[in-house]
Amino acid sequence: MRRLLSTLASRCASCSRPLVMRLPACTSCGSISPIPNSVPFHDLFSLPTRPNPFIVDQTLLKRRFREAQAVCHPDSWASKGQHNQDVAQGLSSRLNEAYNTLASPLRRAEYLLGQHGLGISETDQLEHAELIMEVMETRESIDDAGDPDTVTQIMDENAEKIGGIVAEMEGLVGREDWMGLKEAAVRLRYQESIANAGKEKLDKLES
């Protein structure tokens, strides 16, 4: 797999003390710098990309995210001057983007596809007629449902399908089948739209 080059250092460039998770924010000497856009999201949280960058330990990701935000949060740099606080704001925003991307199977797949020049746009659609019909019928069933139990059952069935697609994606990334991953990501996007429609329906029925 082609991998972007990380430029994160393990020690502060100003005082040479070890940095938390190799982030350029040193609480010892008060030095803070932006992170180059070339640094991969996995590297921001010191997460492995081998053997498969699609596999992300979510518990570890959440812990590393909290540790990183504790160091880079703008409030922690409020007494260090406006410039440093602005840099911290940029770092914090970048960490949020990376966390939200790696925490979501769909966004994670889209990120990996983007690294290989295969972005997904809103115009990308399913090409399988039967799947399109199934998605449309499921959406109609949610719209027509008159009780929460019916919607919950539809959502449970849809969650199983999402789980199957995510497992398929893991294998596709492992084989570096990027076109296959793109097709699976489009399918997942449709299934997630069903999940979102189900949540909205439940909110209406339970309000």
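Predicted model: local features only at pLDDT ≥ 70, side-chain atom pairs only at ≥ 80, totals over all residues.
Biologist: Let's start with the overall build. What makes up the secondary structure of the chain?

Modeller: Seven helices and two strands. Going along the sequence, the pattern reads β-β-α-α-α-α-α-α-α. The C-alpha trace spans about 65 × 45 × 30 Å along its principal axes.

Biologist: How much of the chain is buried?

Modeller: Of the 207 residues, 41% are buried. The cut-off for that word is a relative accessible area under 20%. As for the surface, the chain exposes about 11600 Å², with carbon and sulfur atoms supplying 49% of it.

Biologist: What is known from a record about residues 40–115?

Modeller: UniProt lists them as "domain: J", in an unreviewed entry. In the model, that span is 68% helix and 0% strand, and its end C-alpha atoms lie 9 Å apart.

Biologist: Now the charges. How many positive and negative side chains are there?

Modeller: There are 23 positive and 30 negative side chains, and the centres of the two sets lie 14 Å apart. Side chains of opposite charge can pair when their charged atoms come close. A search of the whole structure turns up four salt bridges.

Biologist: Why is the pair of glutamate 134 and lysine 161 called a salt bridge?

Modeller: The limit is 4 Å between a side-chain nitrogen of Lys or Arg and a carboxyl oxygen of Asp or Glu. Here the N to O distance is 2.4 Å, so the pair qualifies.

Biologist: And what does that pair tie together?

Modeller: Parts that are 27 residues apart in sequence, because glutamate 134 sits in helix α5 (residues 129–144) and lysine 161 in helix α6 (residues 148–174).

Biologist: What about arginine 187: which partners does it have?

Modeller: One is glutamate 168, with the closest N and O atoms 2.7 Å apart. That pair links distant parts of the chain, since arginine 187 is in helix α7 (residues 178–206) and glutamate 168 is in helix α6, 19 residues apart. Another partner is glutamate 183, at 2.9 Å from N to O. Both distances are within 4 Å, so both pairs count as salt bridges.

Biologist: How far apart along helix α7 are arginine 187 and glutamate 183?

Modeller: Four residues, which means about one helical turn separates them.

Biologist: What makes Glu168, Glu183 and Arg187 a network?

Modeller: They are linked by salt bridges: Arg187 pairs with Glu168, and Arg187 pairs with Glu183.

Biologist: On to the backbone. What makes the bond from arginine 50 to proline 51 stand out?

Modeller: That peptide bond is cis, with omega near 10 degrees. Proline 51 lies in the loop between α1 (41–44) and α2 (58–72).

Biologist: Which residues other than glycine have a positive phi?

Modeller: Arginine 22 is one of them, with phi near 60 degrees. Its place is in the segment before β1 (25–26), and at 37% relative accessibility it counts as partly exposed. Serine 46 is another, with phi of about 55 degrees. Serine 46 lies in the loop between α1 and α2, and is partly exposed at 33%.

Biologist: Last one: why is serine 104 called buried?

Modeller: Its relative accessible area is 16%, under the 20% cut-off, so it is buried. Serine 104 is in the loop between α3 (82–103) and α4 (105–115). Serine 104 and valine 56 are 48 residues apart in sequence, with their C-alpha atoms 9.9 Å apart in space.

Note on methods: Residues numbered from 1 in each chain as written. Heavy atoms only, no water. Buried < 20%, exposed > 50% of the residue type's maximum accessible area, 1.4 Å probe, protein only. Areas by Shrake-Rupley, 256 points an atom, 1.4 Å probe, with all protein chains shown as cover. Lys, Arg positive; Asp, Glu negative; His and termini not counted. Charge placed at Lys NZ, Arg CZ, Asp CG, Glu CD. UniProt positions renumbered as here; feature names shortened; annotations may be inferred.
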